[in-house]
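Please open the model in your viewer and keep the sequence beside it, so that each stop of this tour can be selected in turn.

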Number of protein chains: 2
Amino acid sequence: MGKCEQCIIKQFNSLKSLTKDELVRISNCKTSYTIKKGTVIFEEGETLNGVYCVKDGICKLSKLSENGKDQIVKMVVKGQLLGQRSLVSDESSNLQATALNDMEVCFIPKSEIIADLQKNPKFSFDVLKDMAHDLREADDIIVNMAQKSVRQRLAEALIYIHDSFGVNPDGTLSILLSREDFANIVGTATESAIRVLSQFKKEGLISTIGKQIKIEDIKGLKRIE
Amino acid sequence: MGKCEQCIIKQFNSLKSLTKDELVRISNCKTSYTIKKGTVIFEEGETLNGVYCVKDGICKLSKLSENGKDQIVKMVVKGQLLGQRSLVSDESSNLQATALNDMEVCFIPKSEIIADLQKNPKFSFDVLKDMAHDLREADDIIVNMAQKSVRQRLAEALIYIHDSFGVNPDGTLSILLSREDFANIVGTATESAIRVLSQFKKEGLISTIGKQIKIEDIKGLKRIE
DNA sequence: AAGAAAACATGACAATTATCATATTAAAAT
DNA sequence: ATTTTAATATGATAATTGTCATGTTTTCTT
C-alpha cells in the first residue's frame with residue numbers, strides 16, 4: 001500500500017469512493033516531486049495531463065489580469081489536489097499555480113484516473129459534490145469582491161486564513177504571505193494592503209512578529225463594516 | 001415523448017447522456033408552472049427539492065450582501081436549468097432566484113433524477129464537465145470584480161449580455177434590465193451605473209430606445225480600459 | 001560583513017466611486 | 001385623466017482607493 005493512497009484519500013475527499021484496487025493502481029504510477037518556493041507549477045493556458053496531490057507546502061492559484069496584476073483565486077495546502085478540473089475538462093488551465101513555500105507533491109496522470117471517474121458513479125458523484133461546494137464558495141467571493149470595502153475584505157481574508165489553515169504554536173498564522181500576496185487576494189494595490197494592515201495593528205486587531213501576523217482580536221475583525 | 005424531454009436535453013447539455021427510458025420517466029413527473037415577473041422563485045437559505053427547467057423567460061440569481069445590496073451572480077434564460085446544485089448537494093441554496101419577466105418553467109423533483117446521477121456514470125461525468133465550466137467562469141468574474149473599474153465591468157456586462165442572450169430585431173438587447181439590475185451585476189451604486197451608461201451614450205458606444213439599450217460600437221466597448 | 005535587491009512603510013496627491021439631494025420622466029394605480 | 005409611485009438623471013460633495021515618490025527595513029548574495 002503506497003503512501004499516496006493515504007494522501008489522496010485525505011484530501012480530495014471524493015477519492016474515498018475509489019475501490020482499494022483502484023487506489024493501489026493509481027498509487028503505483030504516481031511520481032513524486034519537490035518544488036521550490038516561487039516555482040510556477042503550471043501556467044495559465046497550459047494543458048494539464050494530470051493532477052498534483054499536495055503532500056506538503058502551500059501554493060496559490062492566480063489569474064493575471066490585463067493591468068498586470070495577479071489575482072489570487074484560491075490557495076491549496078497539504079492534503080488537497082491541484083488541477084482537478086483538468087480531469088474533467090479538456091480546456092487548458094485558466095489559472096497559474098505558484099508555490100508559496102517549498103512543496104512536496106506527487107503527480108497522477110490523467111489517463112490513470114479518468115477511467116475511474118467515468119466508470120465509478122459513486123466516485124464521480126462525490127467529485128460533483130466537491131465542485132458544487134467550490135462553486136458556492138466562488139459565489140460568496142464574487143459578492144464580497146463586488147460589495148465590500150478593502151478593509152472588510154482584508155479582515156475576512158485574515159479570518160479565512162486563520163480558520164482554514166490554522167496557526168503556529170506562537171499563535172501566528174501558519175501561512176506566511178507577503179503584503180503583495182495579501183493585496184492580490186483582496187484585489188487591491190500593495191500599498192493599500194500595507195496601509196490597512198498597519199491600521200489593524202494600530203487598532204490592536206493584529207500584531208506582527210517580523211513578517212508573521214497574529215490575530216489578536218478576531219471578534220473585532222469580524223465586526224468591521 | 002413529452003415536451004420536457006426535448007427541453008431538458010437542450011439546456012443542461014449533460015442530460016444528453018440519459019437513456020430514453022430515463023428521460024421518459026422524468027418527463028412524466030414534471031410539473032409546469034407560470035411565474036410572473038418579479039416573483040421570487042426561491043430564496044437564499046431555502047432547501048430545494050428539485051430543479052426548474054426554464055422553458056421561457058429569464059431570471060436572475062442573486063445574493064444579498066450585508067449592506068442590503070443584491071449582487072447578481074448569474075442570469076438563467078430559456079433552455080437552462082435552475083437549481084442544479086440542489087441535485088448534488090444537500091446544502092440549502094446560497095442564492096435567490098427572481099423572475100425578470102414572465103416565465104414558463106417545469107419542475108423536476110430531485111428524487112426522480114438523483115438516482116440517474118448516481119447510477120449513470122456518463123451522465124454524472126457530463127454534469128461534472130458543466131460544473132467545471134461554471135467554476136472557470138466564476139474565476140473570471142472574481143478577477144473582473146477585483147481588478148477592473150466600474151466602467152470596464154459595465155462595458156463587459158453589456159457585451160456579455162449581447163453575445164450570450166442576443167438582440168431583438170431592432171438591434172436592442174433582448175434582455176431588458178433596469179439600471180438597478182445593471183448596478184447589481186457589476187457591483188456598484190445605481191447612480192454610478194446610470195452615470196456610466198449616460199457616458200457610453202454620449203460617446204456613441206450605445207443608444208437607447210426607451211429603456212431598451214442598443215450597442216452601437218461593440219469594438220469601442222471592448223477597447224475600454 | 002558589505003553591498004545589492006527586495007519587501008515594507010508612509011506621505012502627498014489624483015482618480016474613482018459612493019452618498020445625499022433634488023429634478024425629471026415614465027409607469028402604474030385609482 | 002389624474003394622482004401616485006417608481007425609475008431615471010444629474011449635481012455637489014465626501015469617502016475610498018490608486019499612483020507616484022521616497023525612505024526604511026529586511027533579506028539575499030557574494
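A salt bridge here is a side-chain nitrogen of Lys or Arg within 4 Å of a carboxyl oxygen of Asp or Glu. By that rule, the structure holds 18 salt bridges over all chains. This is a predicted model, in which local features need pLDDT of at least 70 and side-chain atom pairs count only at pLDDT 80 or more, while totals for chains, interfaces and linings use all residues. Residues are numbered from 1 along each chain as its sequence is written, chains are lettered from A and ligands numbered from 1 in the order in which they are written, and side-chain values use heavy atoms, with hydrogens and water left out.

Select K60(A) and D181(A) to begin, a salt bridge whose closest N and O atoms are 3.1 Å apart. K60(A) belongs to strand β4 (residues 58-64) of chain A and D181(A) to helix α7 (residues 179-186) of chain A, so the pair ties together parts that are 121 residues apart in sequence. Helices (H or I, at least four residues) and strands (E, at least two) are DSSP runs, numbered from the N terminus.

Next, show both chains and turn to the interface, where 46 residues of chain B are in contact with 46 residues of chain A, contact meaning heavy atoms within 4.5 Å. The area buried between them is about 4,200 Å², with 63% of it given by carbon and sulfur atoms; buried area is the accessible area (1.4 Å probe) that two parts lose on being put together, summed over both.

Six salt bridges are found across this interface. To see one of the salt bridges, select E91(B) and R136(A), where the closest N and O atoms are 3.4 Å apart. On the side of chain B that touches chain A, β5 (70-77), α3 (85-88), α4 (110-119) and α5 (121-147) each supply at least two residues.

For the last stop, look inside for cavities, a cavity being a set of points on a 1 Å grid over the protein atoms alone where a 1.4 Å probe fits but cannot get out, with lining residues having an atom within 4 Å of a point. There are two cavities of 30 Å³ or more. Which residues line the largest cavity? Select L173(A), I175(A), L176(A), L177(A), F182(A), K211(A), Q212(A) and I213(A). The second largest cavity is lined by residues of chain B, among them L173(B), F182(B) and K211(B).

Technical notes:
1 Å grid on protein atoms, 1.4 Å probe; cavity = no way out; pocket = protein on both sides within 12 Å on 5 of 7 lines; lining within 4 Å. Points joined across faces, edges and corners; volume = space filled by probe spheres on them.
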